Amino acid sequence: MTALSAERLRVGVDLVAIADVAESVLHFGNRYVHRVFTAHEIDCCRRPARTSDGPALYAMESLAARFAAKEAVIKVLRPTDGQPDWRSIEVHRLTGGWCEIRLSGRAAILADDAGIDDFSVSLTHEAGAAAAVVVARCRSIERTSREVGEG
Amino acid sequence: MTTNETIRQVVADHGRLAVPIESLADGDDLFAAGMTSHASINVMLALEDAFDFEFPEKMLKKSTFESVAAMSAGVTELTGT
């Protein structure tokens, strides 16, 4: 016996020390930033330099929250053969200020393979730490009676 | 300094392990020893600085950085030494 169009939820959560991200930016500079974050994420986290020729500054708590979201998405995707590029998971800020998850590359393939068709994300930061919670709707086309606990 | 010694120094400096690197064998799981995913990014960038190369995207996976032995294999693959 089978159950059709069964829906399940997956949840991922992660916590990141803002000081760890700040230390990475301080030590490795833009190499770190550009290996982990997309151009959109970098733009969202950039603070204006104090002078026109000064270095760009980043809102470390915002970078840390985005990294937490990427980790939370990976927990939802549950990769078994290597994790996707950090930049294939993007926290995309919408006009109203809230965010959504956009995937590309291998992250998108993993989501497709898992039947995940929708993500919700919430970010927060406080007292030196940033956190993210990601909820995904995982739509199984077909589940066996054993999986749904029947028989 | 040998490749192995350099990798161990990088892990000691950037891996944020819960135990001294000296207490771990080359094949021990560094993530089990306390290295976080975020710390592994620092290890990756520090290895690039130490050996003057850039990890290609196909090697940017957890297994590349899971142990000193795995990193040594990756360095050897990229430097040919």
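I started in the loop between H4 and strand S4 (89-93) of chain A, where Arg78(A) sits. Helices (H or I, at least four residues) and strands (E, at least two) are DSSP runs, numbered from the N terminus. This is a predicted model, in which local features need pLDDT of at least 70, side-chain atom pairs count only at pLDDT 80 or more, and totals for chains, interfaces and linings use all residues. Residues are numbered from 1 along each chain as its sequence is written, and chains are lettered from A and ligands numbered from 1 in the order in which they are written.

I looked up phi next. Most residues other than glycine have a negative phi. Arg78(A) is not a glycine, yet its phi is positive, about 55°.

Is Arg78(A) buried or exposed? Arg78(A) counts as exposed because it has 11 C-beta neighbours inside 10 Å. The cut-offs, with C-beta atoms placed from the backbone: buried means 20 or more other C-beta atoms within 10 Å of a residue's own, exposed 12 or fewer, partly exposed in between.

I then went to chain B. Arg16(B) lies in the loop between helix H1 (3-14) and helix H2 (37-51). Its phi is also positive, near 50°. Arg16(B) counts as partly exposed, because 19 C-beta neighbours fall inside 10 Å.

Last, I checked the contact (C-beta atoms, placed from the backbone, within 7 Å). Chain A gives 13 residues and chain B gives ten residues. On chain A, helix H1 (18-28), helix H2 (30-36) and helix H4 (60-77) each supply at least two residues. H2(A) has the largest share of that side, four residues.

Definitions and conventions:
Contact = placed C-beta atoms within 7 Å.
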